[in-house]
Amino acid sequence: TTPVNLENINYLSTGPDLHLRLGPANFVDLSARYARAQYETSPFNSNRLQGSAAWGRQLSAQSTLSVNADTERVMFENTALNVDFDRTNGYARYAVQGARTDLSVDLGATRISQGEAATSGGLVKIALARKLSHAASLTFSAGRYLTDASTSFSGLQSGAIGVVGSAPAAVTADNYTANYASAGWQ
């Protein structure tokens, strides 16, 4: 890390969420978002329109099963270097919360339409957390999905929740397959 290769990147996302209960076991979750990715020097500034919908069923007091769809339209400011694209995800989610263990599994697919080209790929995300004692917990997560560099910033938290000092960034506007695995003990 040097002053020559550092860049400030801001990612803002805002919009409403709607959570509806349909009887004692069914639910519908809807959300709409406007997001803005602003790069200090790189030509990847973009406006994003996002929407998501989930229909699910609470299988028990601790577990849910849902069918989810989300879509995103990415519109770049510099269209001479970047091509606007649409990304759509469709997946099933199973989540269970036990007394000491939480598990979430997403399985589905992603489709990206960019100009005349389209790319499809699998979507797999697994998150497992186990409380070992009152003061210790173990976490594991792994996954594979199609994304872009700016979307990777949407999961970073800052402000009153925490401070983000620096994070790695891909210097491209292209979509790519992200593979990850992490384990932690706290």
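Predicted model: local features only at pLDDT ≥ 70, side-chain atom pairs only at ≥ 80, totals over all residues.
Local features were taken at pLDDT of at least 70 and side-chain atom pairs at pLDDT 80 or more, while totals for chains, interfaces and linings use all residues. Residues are numbered from 1 along each chain as its sequence is written, and side-chain values use heavy atoms, with hydrogens and water left out.

With a relative accessible area of 7%, Glu 72 is buried (buried means under 20% relative accessible area, exposed over 50% and partly exposed in between, with a 1.4 Å probe and protein chains only). The Glu 72 side chain makes polar contacts with the side chains of Arg 48, at 3.1 Å, and Gln 50, at 2.8 Å. Here a polar contact is a pair of N or O atoms within 3.5 Å; within protein, one must be able to donate a hydrogen and the other to accept it, and residues adjacent in sequence count only if both atoms are side-chain atoms. Beyond its neighbours within four places in sequence, Glu 72 is in contact (heavy atoms within 4.5 Å) with residues including Tyr 11, Leu 49, Phe 85 and Thr 151.

Next come the charged pairs. A salt bridge places a side-chain nitrogen of Lys or Arg within 4 Å of a carboxyl oxygen of Asp or Glu, and the count by this rule is 7. One of them joins Arg 36 to Glu 77, with the closest N and O atoms 2.5 Å apart. This pair links distant parts of the chain, with Arg 36 in strand S3 (residues 26-39) and Glu 77 in the loop between S5 and strand S6 (85-97), 41 residues apart. Arg 36 counts as buried at 15% relative accessibility, whereas Glu 77 is partly exposed at 49%.

Arg 73 meets Asp 86 in a salt bridge of 3.2 Å, N to O. Here strand S5 holds Arg 73 and strand S6 holds Asp 86, 13 residues apart. Salt bridges that share partners also join Arg 48, Glu 72 and Arg 87 into one network.

Leu 18, Leu 20, Leu 22, Leu 30, Trp 55 and Val 67 make a nonpolar surface patch of about 540 Å². Strand S2 (residues 17-22) gives the largest share of this patch, 3 residues. Leu 22 is found in strand S2 and is partly exposed, at 42% relative accessible area. Patches are built from residues with over 30% relative accessible area and no salt bridge, joining like charges within 9 Å and nonpolar side chains (Val, Leu, Ile, Met, Phe, Trp, Tyr) within 5 Å; accessible areas come from the Shrake-Rupley method with a 1.4 Å probe, and for residues only the protein chains shown count as cover.

Terms used: Helix = DSSP H or I, 4+ residues; strand = E, 2+ residues; numbered from the N terminus.
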